[in-house]
Amino acid sequence: MPELPEVEVTRLGLLQSLPGRRVKKIVCGGKRLRTPLPRALLALHILAGRIVAIDRRAKYLLFRMDNGSVLLIHLGMTGKLGLIPSAEPCAVHDHLRLQLDNNMDLRYNDSRRFGSIMVWPPTEARQMENAFSARLGVEPFSRRFNTRYLRERGRSKKQAVKNFLMDARMIAGIGNIYANEILFGAGIHPLSPVNTISDGEWKRIIHSTRRVLTRAIRAGGSTISDFLGSSGNPGYFQLHFMVYDRAGKQCRRCSTPIGKCIVGGRATYFCPTCQPAGQTI
DNA sequence: CGGCGCACCTGAGTGC
DNA sequence: TGCACTCAGGTGCGCC
C-alpha cells in the first residue's frame with residue numbers, strides 16, 4: 001500500500017485522536033513481521049505510556065511516548081493502521097493491538113507481513129533515531145531536496161533515474177507508483193541514466209515530486225487494492241494516475257498509448273511522447 | 001563497490 | 001469450481 005502520501009494520510013488521521021492517549025494493554029499476534037515483534041520492549045516502554053506526538057520519516061511512522069521512548073512502525077506493502085473500538089473482534093492478519101484509555105484500539109493489520117515494528121528505549125532513542133535518520137535520504141518537502149543535492153548524489157551513477165528516485169538512501173518516501181507519476185510530470189523517461197540528468201531536469205523532477213505528492217496527500221492517498229486511511233476511508237488519487245497501471249491506454253495529455261517496461265524488477269509506465277527517450281540505458 | 005536479482009509473504013486476478 | 005500461475009504499493013541481502 002504505502003508510499004509517502006499514504007503514510008502521511010495515516011499520520012494525519014491518527015493525529016486527530018491519538019496524542020494524549022495512554023496505552024492500557026498490548027496484545028501481539030503470533031506471527032513475525034519482517035522482524036519479530038519486540039514483545040519485551042513493547043511491554044517495558046510502550047505499555048502504560050502516553051502518546052505525545054506522531055511524526056513521519058520516509059515511510060516510517062514514529063510514535064513518541066511521554067517517557068521518551070519511540071514506537072517505530074513501517075507498513076511494508078500491505079500494512080494498515082486503524083483506530084477501532086476495543087470491543088470489535090480482531091481481524092485476520094491483525095498483528096498488534098494497543099488498547100487505549102478511551103475504549104479504542106490502535107491496530108496494525110498486514111497480510112503479507114512485510115512491515116516492521118520497533119521500539120527505541122528512552123535512554124537510547126535519541127542516538128537510535130540519529131543513526132536511523134542518517135541512513136535515509138532527504139525528505140521531498142525539505143529544503144535539502146534541491147538541485148545541488150541531486151546533482152552531487154547522482155553525479156557518478158549510471159542507474160536509471162527511476163531507481164534513483166526510489167532509493168530510500170537518496171530520497172525518502174518515493175515508491176513505484178509515485179516514481180512513475182513524478183517522471184511523467186517532469187517529462188523525463190524513466191530509463192534516463194542519473195548522470196545525464198541536467199540541472200533543468202532536476203528542477204522539473206523536484207517540482208513534479210512536490211506537486212504529485214501534495215496532490216496525492218490531498219486526495220487521501222491511493223487505494224489500489226485495500227488501502228484505507230486510519231479513518232477507514234479510501235484514498236482517491238488512483239483516479240488521477242497519468243501513467244501507473246495504464247499500459248496501452250491513451251495518454252491523458254497527448255493520446256499516445258502508454259508504454260510499459262520493467263525497470264529494477266518493477267513495472268514501469270511512461271508516455272513515449274511526453275517522456276522522450278533521449279539517452280537511455 | 002555500484003547495481004542487480006531475489007527472497008520475504010498472502011491474496012487477487014486470469015486463463016484453462 | 002478448481003487449479004496453476006502471475007503479479008502487487010517495500011526493503012535489504014547476497015552476489016557479480
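1. Start with Arg34: an N or O atom in its side chain is 3.3 Å from a base oxygen of DNA strand B. That makes a polar contact, a pair of N or O atoms within 3.5 Å; within protein, one must be able to donate a hydrogen and the other to accept it, and residues adjacent in sequence count only if both atoms are side-chain atoms. Please keep in mind that this is a predicted model, in which local features need pLDDT of at least 70, side-chain atom pairs count only at pLDDT 80 or more, and totals for chains, interfaces and linings use all residues. Residues are numbered from 1 along each chain as its sequence is written, chains are lettered from A and ligands numbered from 1 in the order in which they are written, and side-chain values use heavy atoms, with hydrogens and water left out.

2. Of the DNA strand B atoms within 4 Å of the protein, 56% belong to sugar or phosphate, and the rest to bases.

3. Now look at the open sheet, where four strands follow the order β1-β6-β7-β5 with antiparallel pairing. Strands (E, at least two residues) and helices (H or I, at least four) are DSSP runs, numbered from the N terminus, and two strands pair if DSSP finds at least two bridges between them. β1 (23-28) and β5 (79-85) are the edge strands with a single partner each, so one side of each has no neighbour in the sheet. From one strand to the next, the twist averages 15°.

4. What packs on this sheet? Helix α2 (residues 39-46) does, touching β1 and β6, and its direction makes about 175° with that of β1. Touching, or contact, means heavy atoms within 4.5 Å; axes are lines fitted to C-alpha atoms, for helices over the stretch in contact, and angles run from 0 to 180 degrees between N-to-C directions.

5. Seven of its seven residues are buried, so β6 is largely enclosed by the rest of the structure. Buried means under 20% relative accessible area, exposed over 50%, and partly exposed in between (1.4 Å probe, protein chains only). β6 (residues 94-100) pairs with β1 over five bridges, and Val27 stands opposite Arg97. Five bridges also link β6 to β7 (residues 104-110), again antiparallel. In the hairpin of β6 and β7, three residues lie between the strands, and Asn103 takes a positive phi near 65°.

6. Follow Gln99 within β6. Its relative accessible area is 19%, so Gln99 counts as buried. Lys25 is a bridge partner of Gln99, and Asp105 in β7 stands opposite Gln99 too. Beyond residues up to four places away in sequence, Gln99 touches several residues, including Arg22, Ser86 and Met104.

7. Another pair of strands is β4 (residues 70-74) and β8, which run antiparallel and are joined by five bridges; Ile73 stands opposite Ile117 in β8. Strand β8 (residues 116-120) is mostly covered, with four of its five residues buried. Leu72 sits in β4 and is buried at 1% relative accessible area. Leaving aside neighbours within four places in sequence, Leu72 is in contact with residues including Tyr60, Ile117, Trp120 and Phe132.

8. Where is the largest nonpolar core? That core has 39 residues, and Leu150, Val161, Ile171, Tyr178, Trp202 and Ile205 have the most contacts inside it. Helices α1 (4-15), α4 (147-154), α5 (161-166), α6 (176-186) and α7 (199-218) each supply at least two of its residues. Apart from it lies another core of 25 residues, among them Leu33, Ile73, Leu106 and Val119. A nonpolar core is a set of buried Ala, Val, Leu, Ile, Met, Phe, Trp, Tyr and Cys residues joined through side-chain atoms within 4.5 Å.

9. Finally, check two loop residues. Ala58 has a positive phi of about 55° although it is not a glycine; it is found between β2 (51-57) and β3 (60-65) and is buried at 4% relative accessibility. Asp245, also not a glycine, has a positive phi of about 60°, but Asp245 is exposed at 52%.

How values were computed: Near = heavy atom within 4 Å.
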